[in-house]
Amino acid sequence: MGKNSDLFFRVRENGAAVFRIDTENRQRRLELQQIAVANIRNGQIKPQGEHSPTAAERNDIDAWIVERRKLLAVRKVDDIKRAVDHLNDTAQWVQSDATDEQIDEFADDLLMAMHDLRTVLVRKKSNMLIKK
């Protein structure tokens, strides 16, 4: 839910189900009415059911999409930094504690993944240098 929004966003893989929060009912219960599905990949907002978002709610949803994309970008970089740490931890473990059987269990898959990553990184870095 945004700071001043009466919306709740149930996060899904590619966005969120968007609900209008209703507290103005006879039972004074918190009710959620789904009004849309927001897709963060393409920015689409699809109305759901009989409750369509108002113009103000669409603006809130658009703002949520922008903020969600920023958050996911930050998380992605953090995940990569954690992967570097994990690779370093893995190298130390392999060097000091791993048994031959353990190494045999994952070495081929890890080597292929690392080769693929290295190939992509070298290509991207090369293209960056060419552009400069």
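This is a predicted model: local features need pLDDT of at least 70, side-chain atom pairs count only at pLDDT 80 or more; totals for chains, interfaces and linings use all residues.

Trainee: Okay, so where does Phe8 fall: buried, exposed or partly exposed?

Mentor: Phe8 has a relative accessible area of 32%, so it is partly exposed.

Trainee: How many aromatic pairs are there?

Mentor: The structure holds 3 aromatic pairs. One of them joins Phe8 and Phe19. Their ring centres are 6.2 Å apart and the planes sit at 40 degrees, so that pair is tilted.

Trainee: Which strands do Phe8 and Phe19 lie in?

Mentor: Phe8 is in strand β1 and Phe19 in strand β2. The pair therefore ties together parts that are 11 residues apart in sequence.

Trainee: And Phe19, buried or exposed?

Mentor: Buried. Phe19 has 6% relative accessibility.

Trainee: What about Trp93 and Phe106?

Mentor: Trp93 and Phe106 form a tilted pair too, 5.9 Å centre to centre with 35 degrees between the planes. Trp93 lies in helix α1 and Phe106 in helix α2, so this pair ties together parts 13 residues apart in sequence. Trp93 is partly exposed at 32%, and Phe106 is partly exposed at 24%.

Trainee: Tell me about α2, then. What is its span?

Mentor: α2 covers residues 100-131. With 32 residues, α2 reaches 45 Å from its first C-alpha to its last, close to the 46 Å expected.

Trainee: Where is the kink in α2?

Mentor: The kink is centred on Ala107 and is about 45 degrees.

Trainee: Changing topic. Which residues make up the largest nonpolar core?

Mentor: There are 12 residues in all, including Leu7, Phe9, Val18, Ile35 and Trp64. β1, β2, β3 and α1 each supply at least two residues of this core.

Trainee: Last one: Glu57. Where is it found?

Mentor: Glu57 is in helix α1, which runs over residues 55-96. Glu57 counts as buried because its relative accessibility is 11%, and the cut-off is under 20%.

Trainee: What does the Glu57 side chain reach?

Mentor: The backbone nitrogen of Thr54, at 2.9 Å.

Trainee: And which residues is Glu57 in contact with, leaving aside neighbours within four places in sequence?

Mentor: Leu7, Arg20, Ile35 and Ser52. Leu7 and Ile35 also belong to the largest nonpolar core.

Note on methods:
Residues are numbered from 1 along each chain as its sequence is written. Side-chain values use heavy atoms; hydrogens and water are left out. Helices (H or I, at least four residues) and strands (E, at least two) are DSSP runs, numbered from the N terminus. Buried means under 20% relative accessible area, exposed over 50%, partly exposed in between (1.4 Å probe, protein chains only). A polar contact is a pair of N or O atoms within 3.5 Å; within protein, one must be able to donate a hydrogen and the other to accept it, and residues adjacent in sequence count only if both atoms are side-chain atoms. Contact means heavy atoms within 4.5 Å. A nonpolar core is a set of buried Ala, Val, Leu, Ile, Met, Phe, Trp, Tyr and Cys residues joined through side-chain atoms within 4.5 Å. Rings of Phe, Tyr and Trp (its six-membered ring) pair if their centres lie within 6.5 Å; planes under 30 degrees apart count as stacked, over 60 as edge-to-face and the rest as tilted. The expected span of a helix is 1.5 Å times one less than its number of residues. The bend at a residue is the angle between axes fitted to the seven residues ending there and the seven starting there.
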